[in-house]
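These are my notebook entries on a single protein chain. I set down what I looked up, one topic at a time.

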Amino acid sequence: MGVPHDPEAGRDPGAQPERTWLAWRRTTLTCAVSVALAARVALAQPSGPAVAAAALGALAWVGLLITAHRRIGGLSRARPGTMGAAETLGTLVCVLVLVGVGGMMLL
């Protein structure tokens with residue numbers, strides 16, 4: 001059995017910050033690919049809904065990218081803070097918009 005982590009001893013030197021960094025990068029890359037595919041559809045079939053979905057998806061991706069950049073930057077601190085309610089809600093909205101964009105592309 002391992003030694004329990006003492007929160008007063010400082011930050012756990014494990015790989016958690018690296019895993020979190022990789023998860024944010026993977027998420028933003030996946031969203032970028034999804035928006036690129038939506039833009040491709042909008043360019044091939046320039047209808048109002050397709051163009052609107054691609055533009056909305058691009059805005060949501062930028063919002064998610066900004067949040068990811070802030071979170072990754074925060075991981076360099078000795079004691080990274082948790083995400084606030086507004087940041088969490090913003091991330092949720094961006095992800096739901098991107099899901100909606102994907103659904104609109106199926107139509």
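Entry 1. I looked up the contacts of Thr-91, leaving out residues up to four places away in sequence, and found that Thr-91 touches Trp-24, Leu-64, Thr-67 and Met-83. I note that the model is a predicted one. Thr-91 lies in helix H3. Is Thr-91 buried or exposed? I recorded a relative accessibility of 12% for Thr-91, so this residue counts as buried, because the cut-off for buried is under 20%.

Entry 2. I then turned to Gly-90, which is also placed in helix H3. The class "partly exposed" covers what falls between the buried limit of under 20% and the exposed limit of over 50%. I also looked up the pair Gly-90 and Ala-60: 30 residues separate them in sequence, while their C-alpha atoms are 9.4 Å apart in space.

Entry 3. My next residue was Val-93, again in helix H3, which spans residues 85–106. Val-93 has a relative accessibility of 44%, so I listed it as partly exposed. Which residues make a nonpolar surface patch with Val-93? I found Leu-89, Leu-92 and Leu-96 together with Val-93, and the patch has an area of about 380 Å².

Entry 4. I examined how helix H3 packs against another helix. Two packed helices are described by the angle between their axes and the distance between the axes. For H1, residues 16–44, and H3, I noted an angle of about 35 degrees and axes 10 Å apart. The crossing of these two helices, H1 and H3, is left-handed. On the H1 side, I listed Trp-24, Cys-31, Val-35, Ala-38 and Val-41; these meet Thr-91, Leu-98, Val-101 and Met-105 of H3.

Entry 5. Finally, I looked up the chain as a whole. How many helices and strands does the protein chain have? I counted three helices and zero strands, and the pattern along the sequence reads α-α-α. The chain has 107 residues, of which 21% count as buried. I took the contacts between residues at least 6 apart in sequence and found that 72% of them join residues at least 24 apart. The accessible surface of the chain is about 7,400 Å², and carbon and sulfur atoms account for 69% of that surface.

How values were computed:
Residues numbered from 1 in each chain as written. Predicted model: local features only at pLDDT ≥ 70, side-chain atom pairs only at ≥ 80, totals over all residues. Heavy atoms only, no water. Helix = DSSP H or I, 4+ residues; strand = E, 2+ residues; numbered from the N terminus. Buried < 20%, exposed > 50% of the residue type's maximum accessible area, 1.4 Å probe, protein only. Contact = heavy atoms within 4.5 Å. Areas by Shrake-Rupley, 256 points an atom, 1.4 Å probe, with all protein chains shown as cover. Patch = residues over 30% accessible without salt bridge, like charges linked within 9 Å, V, L, I, M, F, W, Y side chains within 5 Å. Salt bridge = Lys/Arg side-chain N within 4 Å of Asp/Glu carboxyl O. Axes fitted to C-alpha atoms, helices over the stretch in contact; angles between N-to-C directions. Left-handed = near helix turned anticlockwise from the far one by under 90°.
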